[in-house]
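Welcome! Please take a look at the protein below, and keep the picture open while you read.

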Amino acid sequence: MIKGKNSFAIPLLIGLITLVGCSASDIENDQLVETKKTVQDTTITDDMLITVEERTDDGYKTVKVLENSFEMKKVEEILENANWEENVFVSMTTPPEYRLRINPSNYAVWVTPNGDRLEIVIEGEAKYIKLPEKVSETLFELITDDKLN
């Protein structure tokens, strides 16, 4: 007699767990849609920013956020007009001194040992450039508010 009750209770219990799990899944999906909307709204704002991070002993720290349209356009213009070497895999001896995040690309920036030029890699795209001195000076000043050298 007890055996008969257990064989009825186990499928009932499994059915209830499945129903509860499906209901929770619907709630998670609703939250996921809401989160995606929030992320998309934020991304629109992020597209209008350039984030500059500097390497420190503790990792990278955001040192500047370019919101000024003139500065942003100048940085974007420099990077777009650069004569990038493509399909280049660069191995530097140190991590980049600076990182720029310009949606959707991330740029790794090194100052050359002489301190007169910038070397830049577009992360994940196998593109590299060593900027001319004058362009390096301009870009460095835009992203750090300091002079190169």
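## The model and its layout

This is a predicted model, in which local features need pLDDT of at least 70 and side-chain atom pairs count only at pLDDT 80 or more, while totals for chains, interfaces and linings use all residues. Residues are numbered from 1 along each chain as its sequence is written, and side-chain values use heavy atoms, with hydrogens and water left out.

The chain has 3 helices and 7 strands. Here helices (H or I, at least four residues) and strands (E, at least two) are DSSP runs, numbered from the N terminus.

Of the 149 residues in the chain, 28% are buried. Buried means under 20% relative accessible area, exposed means over 50%, and partly exposed lies in between (1.4 Å probe, protein chains only). The accessible surface of the chain is about 10600 Å², and carbon and sulfur atoms own 54% of that surface. Such areas come from the Shrake-Rupley method with a 1.4 Å probe; for residues, only the protein chains shown count as cover.

Now find helix 2 (residues 69-81) and helix 3 (residues 133-144): their axes come within 10 Å and cross at roughly 145°. The axes are lines fitted to C-alpha atoms, for helices over the stretch in contact, and angles run from 0 to 180 degrees between N-to-C directions.

Which residues meet? From helix 2 they are Glu71, Lys74, Val75, Ile78 and Leu79, and from helix 3 they are Val135, Thr138, Leu139, Leu142 and Ile143. Contact means heavy atoms within 4.5 Å. The residues of this contact divide into 7 nonpolar, 1 polar and 2 charged. In this count, Ala, Val, Leu, Ile, Met, Phe, Trp, Tyr, Cys and Pro are nonpolar, Asp, Glu, Lys and Arg are charged, and the others, Gly among them, are polar.

Lys74 of helix 2 is partly exposed, with a relative accessible area of 28%. Beyond its neighbours within four places in sequence, Lys74 is in contact with Thr138 and Leu142. Lys74 and Leu142 are 68 residues apart along the chain, yet their C-alpha atoms are separated by 8.2 Å.

## The nonpolar core

The largest nonpolar core has 24 residues, and those touching the most other members are Val75, Leu79, Trp84, Tyr107, Ile120, Leu131 and Leu139. A nonpolar core is a set of buried Ala, Val, Leu, Ile, Met, Phe, Trp, Tyr and Cys residues joined through side-chain atoms within 4.5 Å.

Take Tyr107 as an example: apart from neighbours within four places in sequence, its contacts include Leu79, Trp84, Ile120 and Ile122.

## Residues to look up

Is Leu66 buried or exposed? Leu66, in strand 2 (residues 59-66), is buried, with a relative accessible area of 0%. Not counting residues up to four places away in sequence, Leu66 touches several residues, among them Met48, Ile50, Val75 and Leu142. Leu66 and Ile143 are 77 residues apart in sequence and 7.8 Å apart in space, C-alpha to C-alpha.

Asn87 has a positive phi, near 55°, and is not a glycine. Asn87 sits in the loop between strand 3 (85-86) and strand 4 and is exposed, at 67% relative accessible area. Asp145, in the segment after helix 3, also has a positive phi, of about 65°, and is exposed at 54% relative accessibility.
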